[in-house]
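Please look at the sequence and the structure before reading on.

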Amino acid sequence: MKARGAGVVAMRHFFGLLIGLVTTAALLLGGGWAAVTTLARPVPGVDGAPVSSTDAKIWIALGVMAGIGLLLGLVIAGRVSPLAGFVPSMVLLAGTVIYALDARRAVSLLTETPTFHEALDTAPVGMSTLLASGVYAMIGVALFLPVLMPSRWAGRRSGEAEEYEEEAGEPSYY
């Protein structure tokens, strides 16, 4: 029985690692592209122009940002392995530390070669903007805090679901 439990824990952390890698890619590439796309348009407060309903690229970028926010919320608050938050937090915080020590080197580490899709060629500009503005530092800290909670590392106990199925006449909390 213990071997089966260890296998479940190992798979939980393996899937957490995969989720962390996907989250890192979404934050860097998707967030960088969305930041550059939305920052390329005039600020609505300056000229009073709302987001155009015909400009699909802006709406897609806002949707990408909302999707990344949803993914971050699920990683931070969800019942997944803490590796799902640890991997992207270390990438973002390490990039921030490198930027604080040597900004030129940090920007040069960002990919400048064409990616697997030409639409993402502008992502490094957005990534450097998010890095320089401290957004990556904030997200990195937010992703790292759940890693510090011991309850995230322990799996669910087998009797945890049975605790809630008590008889109505037997209050066990007194």
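The largest pocket is lined by L28, V91, L92, A94, G95, I98, A106, L109, L110, L131 and Y136. This is a predicted model, in which local features need pLDDT of at least 70 and side-chain atom pairs count only at pLDDT 80 or more, while totals for chains, interfaces and linings use all residues. Residues are numbered from 1 along each chain as its sequence is written, and side-chain values use heavy atoms, with hydrogens and water left out.

**Largest pocket**
- A pocket is an open set of points on a 1 Å grid over the protein atoms alone, where a 1.4 Å probe fits, with protein on both sides within 12 Å along at least five of seven lines; lining residues have an atom within 4 Å of a point.
- Helices are DSSP runs (H or I, at least four residues), numbered from the N terminus.
- α4 gives the most to this lining, with 5 residues.
- The lining has 10 nonpolar, 1 polar and no charged residues; Ala, Val, Leu, Ile, Met, Phe, Trp, Tyr, Cys and Pro count as nonpolar, Asp, Glu, Lys and Arg as charged, and the others, Gly among them, as polar.

**Second largest pocket**
- Its lining includes L27, L72, Y136 and I139.
- α1 gives the most to the lining of the second largest pocket, with 5 residues.
- By class, this lining has 10 nonpolar, 2 polar and no charged residues.

**Contacts of Y136**
- Leaving aside neighbours within four places in sequence, Y136 is in contact (heavy atoms within 4.5 Å) with L27, L28, G32, L92, T96, M127, L130 and L131.

Conventions: Helices (H or I, at least four residues) and strands (E, at least two) are DSSP runs, numbered from the N terminus.
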